[in-house]
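Please look over the sequence and the three-dimensional model below before reading on. The briefing is meant for someone meeting this structure for the first time.

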Amino acid sequence: NGPLLIIDGAGTGKTTVITRRISWLIKEKLARTEEILALTFTEKAAAEMEERVDILVPYGYIDTWISTFHAFGDRVLRENYLELGISGTYEILTKSDQMIFLKNHLFEFPLQYFRPLSNPMKHIDALIGFISRCKDELISPQDYLDYAQQLSTKAKTDEDKLNTNKHFELGQFYEYYQELLIKQGKFDFGDLIIKTIELFNSRPDILSRYQQQFKYILVDEFQDTNYAQNELIKLLAKKNNNITVVGDDDQSIYKFRGAAISNILDFTKYFPKTKTIVLNENYRSTQQILDSAYKLIKHNNPDRLEVKNKINKKLITNKKGDAPQI
């Protein structure tokens with residue numbers, strides 16, 4: 001019981017750890033299948049985890065919630081859509097759907113700088129990225145407009161004022177985009193997380209129901225979570241504190257799409273009674289490759305768990321080979 005941080009170096013078998021932990025919790029009768037929530041990032045990873053649990057648990061995983069973060073949010077929202085005043089048959093927009101949606105409504109948005117007359121479609125991809133990043137950071141349209149207002153009070157030069165106007169334009173665009181989505185019964189992927197958090201914060205009774213249901217929560221690839229996903233996890237785990245996260249700060253490569261390395265670096269701050277386990281037996285590479293990789297990754301010190309938590313993450317293996325050619 002309690003919070004558990006499993007630091008899994010590359011090639012140390014993290015999926016095996018999660019699936020065996022799920023099956024052990026069920027076999028030991030510490031939790032029923034529907035009382036376990038396992039979250040990962042891709043449909044492929046979720047399907048693989050389901051398959052492995054099904055093999056390990058003879059009577060199946062039927063009620064175990066093993067899914068991506070977005071699929072989890074979608075399931076919660078469809079179960080409680082009346083509480084949010086939305087339709088239970090809402091449509092989820094993929095990125096390509098978003099592109100088409102913006103193109104169809106482009107001249108309705110209050111845009112000037114970000115809709116140049118010579119090429120009105122020029123900034124569409126960047127605008128979608130802007131919205132996605134705002135939702136990753138739990139920033140609402142009003143939050144962004146407030147930020148623009150703060151900038152305007154400090155603007156002195158013409159350049160400052162132009163920059164402030166751009167931010168106001170982005171905030172108004174974001175606000176109208178959300179209004180259009182709601183009117184047409186649509187959500188994008190960011191909404192699935194942000195709306196779930198809104199539901200839990202506005203309806204403590206619903207949050208309490210899910211907190212009681214999920215006695216054990218497990219998260220794969222924790223170094224790839226963004227701020228909003230981490231806040232969702234913290235809400236769900238607040239009651240029981242039975243949260244197991246598996247990840248490796250040295251494998252965090254998705255900052256460009258919103259991943260927050262601070263989530264794994266600061267996990268023990270959120271959960272002070274965390275037990276830490278380091279997996280450092282590698283099954284994939286030779287020791288010569290691992291030593292070269294270790295020498296390279298140490299350039300990230302001191303912003304690594306190895307330094308911050310005073311642990312040894314150096315990977316070891318029985319395999320020998322030639323030194324990598326550099």
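Predicted model: local features only at pLDDT ≥ 70, side-chain atom pairs only at ≥ 80, totals over all residues.

Residues are numbered from 1 along each chain as its sequence is written, and side-chain values use heavy atoms, with hydrogens and water left out.

**The chain as a whole**

- The protein chain holds 15 helices and eight strands, which are DSSP runs numbered from the N terminus (helices H or I, at least four residues; strands E, at least two).
- Its C-alpha trace spans about 65 × 55 × 35 Å along the principal axes.
- Of the 326 residues in the protein chain, 45% count as buried, meaning under 20% relative accessible area with a 1.4 Å probe, protein chains only.
- Among contacts (heavy atoms within 4.5 Å) with a separation of 6 or more, 78% are between residues 24 or more positions apart.

**The largest pocket**

- A pocket here is an open set of points on a 1 Å grid over the protein atoms alone where a 1.4 Å probe fits, with protein on both sides within 12 Å along at least five of seven lines, and its lining residues have an atom within 4 Å of a point.
- The largest pocket is lined by 31 residues, of which His-70, Ser-132, Asp-136, Phe-189 and Arg-257 lie nearest its centre.
- Helix 6 gives the most to this lining, with eight residues, and helices 3, 5, 9 and 11 are among those that each supply at least two.

**The nonpolar cores**

- A nonpolar core is a set of buried Ala, Val, Leu, Ile, Met, Phe, Trp, Tyr and Cys residues joined through side-chain atoms within 4.5 Å.
- In the largest such core, which has 33 residues, Phe-72, Phe-200 and Ile-243 touch the most other members, and helix 11 gives the most to this core, with six residues.
- Apart from it lies another core, of 20 residues, including Leu-93 and Tyr-174.
- Leaving aside residues up to four places away in sequence, Phe-72 touches residues that include Leu-37, Trp-65, Phe-214 and Leu-236.

**Gln-287**

- Gln-287 is found in helix 14, residues 287–297, and it counts as buried because its relative accessibility is 12%.
- Leaving aside residues up to four places away in sequence, Gln-287 touches Lys-314, Leu-315, Ile-316, Thr-317, Lys-319 and Lys-320.
- Gln-287 and Ala-323 are 36 residues apart in sequence, and their C-alpha atoms are 8.9 Å apart in space.

Key:
Buried < 20%, exposed > 50% of the residue type's maximum accessible area, 1.4 Å probe, protein only.
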